[in-house]
Amino acid sequence: TSTVNAFGTAAADNILIQSLAGSEGSTLTLTATQNGFVNSNSGTAGINVNWNGALSATVDSNSFSGAGGSNTGVRIDALSPSALAGVSITNNAYAGGAANDTAFQLITAGPSQLAVTNNNAQFSATGGTGFRFSLGPSATLNLSQNSVTDTAGGATGVLFDSVTGPSALTINANAVTLSHHGDGIIFSSVTDPVISGMTYSV
């Protein structure tokens, strides 16, 4: 648990949690609320979780700032193909001041219950991505009432690198504001989708 702390780094991730060899199947409960994270080294993250086992993560009301380039606010990799990953990312703010940042990223290999709501991402440099997902089978995602604002150009609001069915995605009341060229929501790969009770081939 991390609450009301200030983190700043020019060298590495602010918080890094990862499974060690032999710990597969362990359970992790993570709570991060009302913290401030600043990253000025390229490629680092405010919160970086790489876990192979049951996961329960709550990230709420934090602020993240990236100034090194290719920074990430929150990145969570749930590696287990069978254990449930429950992740709630709510009421957070990300400010990207260098190129190619990602505000919030979730990667799941197995069943997941994901709530990503009421977050704000702002980019003042090119190539930012607000929300990025790679979802394994049996994912449930609620992506609602988030906002992405780009003032530099080339941003993507929401990027689904991959989605594997059967999964249930709710995308509702999100706002993407692009001052120059960019993309709203992109699905790069969809496998075995079921949409409104019908199965489509993509």
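How many bridges join β4 to strand β7?

Analyst: First, a word on what you are looking at. This is a predicted model, in which local features need pLDDT of at least 70 and side-chain atom pairs count only at pLDDT 80 or more, while totals for chains, interfaces and linings use all residues. Residues are numbered from 1 along each chain as its sequence is written, and side-chain values use heavy atoms, with hydrogens and water left out.

Now to your question. Six bridges join β4 to strand β7 (residues 55–60), and the two run parallel. Strands here are DSSP runs of E with at least two residues, numbered from the N terminus (helices would be H or I runs of at least four). Two strands pair if DSSP finds at least two bridges between them. In general, strands of a sheet pair through backbone hydrogen bonds, either parallel or antiparallel.

L30 stands opposite A57 in β7, and A57 in turn has V87 in β10 as a bridge partner. Strand β10 covers residues 85–90, and six bridges join β7 to β10, again in parallel.

Strand β4 itself spans residues 28–33, and T33 is found there. T33 counts as buried because its relative accessibility is 15%; buried means under 20% relative accessible area, exposed means over 50%, and partly exposed lies in between (1.4 Å probe, protein chains only). Which residues does T33 touch? Not counting residues up to four places away in sequence, T33 touches S2, T3, V4, D60, S61 and N62. Contact here means heavy atoms within 4.5 Å.

With a relative accessible area of 38%, S63 is partly exposed. Leaving aside neighbours within four places in sequence, S63 is in contact with N35, G36, F37 and A93. S63 and T164 are 101 residues apart in sequence, and their C-alpha atoms are 31 Å apart in space.

Strand β8 has its own parallel partner, β11 (residues 93–96), joined to β8 by four bridges. For instance, the bridge partner of G66 in β11 is G96.

Both strands belong to an open sheet of seven strands with parallel pairing, in the order β2-β5-β8-β11-β14-β17-β20. At the edges stand β2 (6–9) and β20 (175–178), each with a single partner strand, so one side of each has no neighbour in the sheet. On average, neighbouring strands of this sheet are turned by 5° against each other, direction ignored. Such angles come from axes fitted as lines to C-alpha atoms (for helices over the stretch in contact), and they run from 0 to 180 degrees between N-to-C directions.

Next come the aromatic rings. A search of the whole structure finds seven aromatic pairs. Rings of Phe, Tyr and Trp (its six-membered ring) pair if their centres lie within 6.5 Å; planes under 30 degrees apart count as stacked, over 60 as edge-to-face and the rest as tilted. One of the pairs is F7 with F37, stacked at 4.9 Å centre to centre and 5° between the planes. This pair links distant parts of the chain, with F7 in strand β2 and F37 in strand β5 (residues 36–39), 30 residues apart. F7 is partly exposed, with a relative accessible area of 23%, whereas F37 is buried, at 1%. F7, F37, F64, F104 and F131 form one aromatic cluster.

Last, look for charged partners. A salt bridge is a side-chain nitrogen of Lys or Arg within 4 Å of a carboxyl oxygen of Asp or Glu, and by this rule the count comes to two. In one of them, the side chains of D77 and R75 meet at 2.8 Å, N to O. D77 counts as buried at 6% relative accessibility, while R75 is partly exposed at 32%. In another, D161 forms a salt bridge with R132, the closest N and O atoms being 2.6 Å apart. That pair links distant parts of the chain: D161 is in strand β18 (residues 155–164) and R132 in strand β15 (residues 129–135), 29 residues apart.
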